[in-house]
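Thanks for asking me to look this one over. Please have the sequence and the model open while you go through my notes.

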Amino acid sequence: MRVLVGGGAGFVGGALTQLLRSRGHEVTHVSRRPGPDRISWDEVARSGLPLCDAVVNLAGENVLNPFRRWDDAFRRVVVASRVETTKTLAKAIAEAKRPPRAWVLVTGVGYYRPSPTAEYTEESPGGDFDFFSRLVSTWEAAAKIPGDGTRQAVVRSGVVLGKGGGAVAQMLWPFRLALGGPMGSGFQPFPWIHIRDVAGIVCHALEMEGVCGVLNGVSPASPGTSNAEFAWELGSALGRPAVLPLPGWMVRGIFGAERAVMLLEGQRVVPKRTLESGYCFVYPNLSSALRDVVS
């Protein structure tokens, strides 16, 4: 297939591009600037889609950037980088003379309300209780296109674990120095997925004609993983203790109260439809995922 990927130069985009090309697909990135195997967002908005068989959007500003203050200006950047890029691609798909066969959007499990006990499948309600849940609802609504000419899927991703980026990149040095540990109480659920699996689910959704609708992008072991267990497993993978908790007040001081909820609370998310669709996880358990990440 010829696959157009918004946000293809990012952390997950790089893994997806590598996987797609290894499977014989051609990949073009949508980027701020044109270049080899790239087109710009302005070009898509102005001229429409290039000829392609599938479209993916991974674009989005890093919400947990500790160097950006959580103010109205940054909130607008977070929303626009997701919703406006999705609108651009959805409009181009709807107007294409030869529309692509598949359209996949990657959003987040922030759609579901944090809870220490509730478990959520793809059919569970959510999407209207805080900034991030409403963002996911708006984001996914922006992706919808009329008709059934293009198969549509949404992957709601958990925390992505991988080498050289994502959540683990910010945690490694404290843990390597034996200064790591759980955040807040440590009892909060920690919905996670290995980067090879989030890329794999997207590729699966592109290649399998019967796959559509919402797929939860979390590991099968994710519902049973707490923040404290994640910290212990990361310390174990590094051969370091993980006993120094990061107090909730400090997390809120660094990220702001609204963003801190993403770290101090969590959701037990089950990849029910993902497994039923036939996807086989490369890293279904946390210890093997983290050993790969730190190796």
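The points below go from the whole chain to single residues.

1. **Ground rules.** This is a predicted model, in which local features need pLDDT of at least 70 and side-chain atom pairs count only at pLDDT 80 or more, while totals for chains, interfaces and linings use all residues. Residues are numbered from 1 along each chain as its sequence is written, and side-chain values use heavy atoms, with hydrogens and water left out.

2. **Overall form.** The protein chain holds 11 helices and 11 strands; these are DSSP runs numbered from the N terminus, with helices being H or I of at least four residues and strands E of at least two. For 295 residues, a compact globule would have a radius of gyration near 19 Å, and the 19 Å of the protein chain agrees with that. The radius is taken over C-alpha atoms, and the globule rule is 2.2 Å times the number of residues to the power 0.38. Along the principal axes, the C-alpha atoms fill a box of roughly 60 × 40 × 40 Å.

3. **Burial and contacts.** Buried residues account for 52% of the 295. Here buried means under 20% relative accessible area, exposed means over 50%, and partly exposed lies in between (1.4 Å probe, protein chains only). Of the contacts between residues at least 6 apart in sequence, 79% join residues at least 24 apart, a contact being heavy atoms within 4.5 Å.

4. **Surface and charge.** The accessible surface of the protein chain is about 13,500 Å², and carbon and sulfur atoms contribute 55% of that; the areas come from the Shrake-Rupley method with a 1.4 Å probe, and for residues only the protein chains shown count as cover. The mean positions of the 32 positive and 26 negative charges are 4 Å apart. Lys and Arg count as positive, Asp and Glu as negative, with His and the chain ends not counted. Each charge is placed at NZ of Lys, CZ of Arg, CG of Asp or CD of Glu.

5. **Domain records.** An unreviewed UniProt entry places "domain: NAD-dependent epimerase/dehydratase" at residues 3-208. That span is 39% helix and 19% strand, and its end C-alpha atoms lie 14 Å apart. UniProt also places "domain: DUF1731" (unreviewed entry) at residues 246-293, where the chain is 60% helix and 4% strand and the end C-alpha atoms are 22 Å apart. UniProt positions are in the numbering used here, feature names are shortened, and annotations may be inferred rather than shown by experiment.

6. **Two positive phi values.** Most residues other than glycine have a negative phi. Please look at Asp37, with phi near 55 degrees, in the loop between β2 (26-31) and β3 (38-40). Asp37 is exposed, at 52% relative accessible area. Ala178 has phi near 60 degrees and sits in the loop between α5 (166-176) and β9 (192-194). Ala178 is partly exposed, at 28%.

7. **The loop between β4 and α3.** Which residues does Glu61 contact, leaving aside its neighbours within four places in sequence? They are Arg32, Arg68, Phe74, Val77, Val78, Ser81 and Arg82. Glu61 lies in this loop and is partly exposed, with a relative accessible area of 21%. Asn62 is in the loop between β4 (54-57) and α3 (72-95) too, and counts as partly exposed at 39%. With neighbours within four places again set aside, Asn62 is in contact with Phe74 and Gln170. Its C-alpha is 7.5 Å from that of Val78, 16 residues away in sequence.

8. **Asn65.** Not counting residues up to four places away in sequence, Asn65 touches Phe74 and Arg259.

9. **Ala289.** This residue belongs to helix α11 (residues 286-294) and is buried, with a relative accessible area of 0%. Apart from neighbours within four places in sequence, Ala289 contacts Trp192, His194 and Tyr283. The C-alpha atoms of Ala289 and Ala237, 52 residues apart along the chain, are separated by 9.6 Å.
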